[in-house]
Amino acid sequence: MNAMFATKISMLQHVCVVPLARATRHRSFIVSASASTSTTVTPSCNLTVSSPTSSSRAPHVDPRVLLGMSEHDLQQLAVDSFFKKKKKKPVPQAFRNDLIEAGWKIGRSPIYHTVTAADGTVKLLLKLEDNRLIETVGIPVEDEKGSMRLTACVSSQVGCPLRCSFCATGKGGYSRNLQRHEIIEQVLAIEDIFKHRVTNVVFMGMGEPMLNLKSVLDAHRCLNKDVQIGQRMITISTVGVPNTMKKLASHKLQSTLAVSLHAPNQKLREMIVPSAKSYPLDAIMKDCRDYFAETSRRVSFEYALLAGVNDSVEQARELAELLHEWGRGYHVNLIPFNPIEGSEYRRPNKKIVSAFAGALESRKITVSIRQTRGLDASAACGQLRNNFQKSPLVIESDREESQSDVAVAC
Ligand code: SF4
């Protein structure tokens, strides 16, 4: 690379790429591909367009969606866009116009519905390009100093194929994986609503993140590098998918991995989490131990307390034994179940929850009891997993299109 070219590249990085990454925070500049745009291949940057007719279930990343694209790919796009057109002083507006001209679509998924709870929690439904709805939740918490921590609880799939018995999203079926930009824009939508930056992100919305790991990792990169949310402020939650923890560990993220156990033994876990049949508890615990060895980040465990099912002191003792068998210093988040319509499960009373927590703590397991947030927001359209539960939501156009093609929101 000669000196002149290197200078131009660095100018592009500064003048074009950095503003582009920042600009994508703003609602008007999130770019996604037009399904109707004809295929274009730019040999020098390997940009290709996938067919709009490809299966909606495929976890593909549309390569013409800018949001979430790596810095390298953005640079390449800028180089192609500007050097080929011999523009000397690219400015973001010109770049933007060029992109529109080249068939890129600019804009984000619209907010279809919002529900605000008395405690300030806001639940949003975003309407995706294919008319499916996804749910995201903004949870504001004010600290002692008066500054606000704003957590975005994001979905990674439309619906979920794992069908955990207490989860309304699981009962509602599965449509498809989300693309990276569809994950990122949930966070940006929360920022728009609250007019405040999101400080924490939890992948605890609709779907199992480990079944859509590529998009989750791409979104994680963008949220960390471009939206500038610290890795330690991001939590990825999983109910357990074989052979994925090792893959995640290889990225050595500083984020928290939260594993949803919900039971202290395999038999009960299979009843609560049917997918546990293909991923025995011992195998999960071994993978958690290996994850710590690889990343130096201890996994935390989620445990939804279901009255009369998994909430006895004996079961707390069994859970403590299980955790001690596989390591030290584990932390358990207890989530008293929020009843959902039609569910056979009930919420345990406070005394039972305290007794369960006490039994863990007396065995040197640190415990948090999740505060229930946004109950009235949840009641309107389902509840989010862990803090909330989920319920299906079908929009009219989907109903007209196909009875079997159901949109789901948690
Ligand atoms: S709890 Fe999570 S993994 Fe289980 S069905 Fe619901 S969304 Fe899927």
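Mentor: Two strands pair if DSSP finds at least two bridges between them, where strands (E, at least two residues) and helices (H or I, at least four residues) are DSSP runs numbered from the N terminus. Residues are numbered from 1 along each chain as its sequence is written. This is a predicted model, in which local features need pLDDT of at least 70 and side-chain atom pairs count only at pLDDT 80 or more, while totals for chains, interfaces and linings use all residues.

Trainee: Which residue of β10 is the bridge partner of Val201?

Mentor: Strand β9 (residues 200-203) and β10 pair in the parallel sense, over three bridges. Within β10, the residue bridged to Val201 is Ile234.

Trainee: Is strand β10 largely enclosed or open?

Mentor: A residue is buried if 20 or more other C-beta atoms lie within 10 Å of its own, exposed if 12 or fewer, and partly exposed in between, with C-beta atoms placed from the backbone. In strand β10 (residues 234-238), four of the five residues are buried, so the rest of the structure leaves this strand largely enclosed.

Trainee: Which exposed residues does helix α11 carry on the face turned away from its buried side?

Mentor: Helix α11 (residues 350-361) has twelve residues, and its buried residues are Phe356, Ala359 and Leu360. The face of α11 turned away from that buried side carries the exposed residues Lys350 and Lys351.

Note on methods. The expected span of a helix is 1.5 Å times one less than its number of residues.
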